[in-house]
Amino acid sequence: MTPLIATFAGVTGLSIGSFLNVVIYRVPRALSVVHPPSACPGCEMHIGARDNVPVLSWLALGRRCRECRMPISARYPLVEVFTGVAFVLVALFFAPAIAEARGAAAVVGATLELFAFLVLAGATVSLSAIDFELRRLPNRILAFVVIAGVVLLVPALLLGGHAELLISALVGALGSFAFYLALALISPRGMGMGDVKLAGVLGLYLGALGWAQLAVGVMAAFAVGAIAGAIVLIIRRSVADRRVPFGPWMFAGAWIGIAGGEAIAAGYLAAVGLG
Ligand SMILES: [Zn+2]
């Protein structure tokens, strides 16, 4: 069943990626994501269904608008491919729990958990793209992700018989938010309020999986951020270019916590003689 779910998730991810391209362009500009329909920024021609197939249309049209031949950025198919791959990986990771669940309630719970982390995957692609481009994490997307997290994860944990994880989810959300808020107050230039709010959102999702995922996810963000910061220092000469967004590294750390948190925490505890 898992390969079937992963294939379906991949195809869905390509389409969601197509929608995320709209989100990435319009949300920071305070435009509606549903109206008007997509149009070429060069000639404003409406983009029809046959020209809106993820990745394939971009290749078929020779990377240009059908009407005015304006080049279309490679960012569009890249966002679609990233989202498709992310959805496949999330499905491969969370679908086995659906197959192993015993009883209808547990199956529904495990399915809701999969949906929650697909939402987080979509948020990872869209918010990272916006943060890289504009160094912002728009409230509209953060609000959507936190509401989806509560609506999907609370029933998922209750139906799955893991009410105790509600505590780590709550501690994760409030604790990460408070920790980043303290960092932002100490060093306002290093950390923005967008990062503080994102920390609360990621803490909720990580805590819903457990304490190990929460601890590793939060700490890995700083490790990844430090490595990325060092690379930027080496490759960029001017100081003005050296300011880097922190959101993408928070997401990278969170996914390390989600996928490897349990194993990393167990390995660490064994290494210090507590495991
Ligand atoms: Zn055009």
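Visitor: Is the crossing of α4 and α9 left-handed or right-handed?
Guide: This is a predicted model, in which local features need pLDDT of at least 70 and side-chain atom pairs count only at pLDDT 80 or more, whereas totals for chains, interfaces and linings use all residues. Residues are numbered from 1 along each chain as its sequence is written, and side-chain values use heavy atoms, with hydrogens and water left out. A crossing is called left-handed if the near helix is turned anticlockwise from the far one by less than a right angle, and right-handed if clockwise. By that convention, the crossing of α4 and α9 is left-handed.

Visitor: At roughly what angle do the axes of helix α4 and helix α9 cross?
Guide: Helices are DSSP runs of H or I with at least four residues (strands are runs of E with at least two), numbered from the N terminus, and axes are lines fitted to C-alpha atoms, for helices over the stretch in contact, with angles from 0 to 180 degrees between N-to-C directions. The axes of α4 (residues 104-134) and α9 (residues 247-271) come within 8 Å and cross at roughly 155 degrees. Since angles under 35 degrees count as roughly parallel, over 145 as roughly antiparallel, 65 to 115 as roughly perpendicular and the rest as oblique, α4 is roughly antiparallel to α9.

Visitor: Is aspartate 51, the salt-bridge partner of arginine 66, buried or exposed?
Guide: The side chains of arginine 66 and aspartate 51 meet at 2.7 Å, N to O, and, because they lie in the α2-α3 and α1-α2 loops respectively, the pair ties together parts 15 residues apart in sequence. Buried means under 20% relative accessible area, exposed over 50%, and partly exposed in between (1.4 Å probe, protein chains only). Arginine 66, at 34%, counts as partly exposed, whereas aspartate 51, at 14%, counts as buried.

Terms used
A salt bridge is a side-chain nitrogen of Lys or Arg within 4 Å of a carboxyl oxygen of Asp or Glu.
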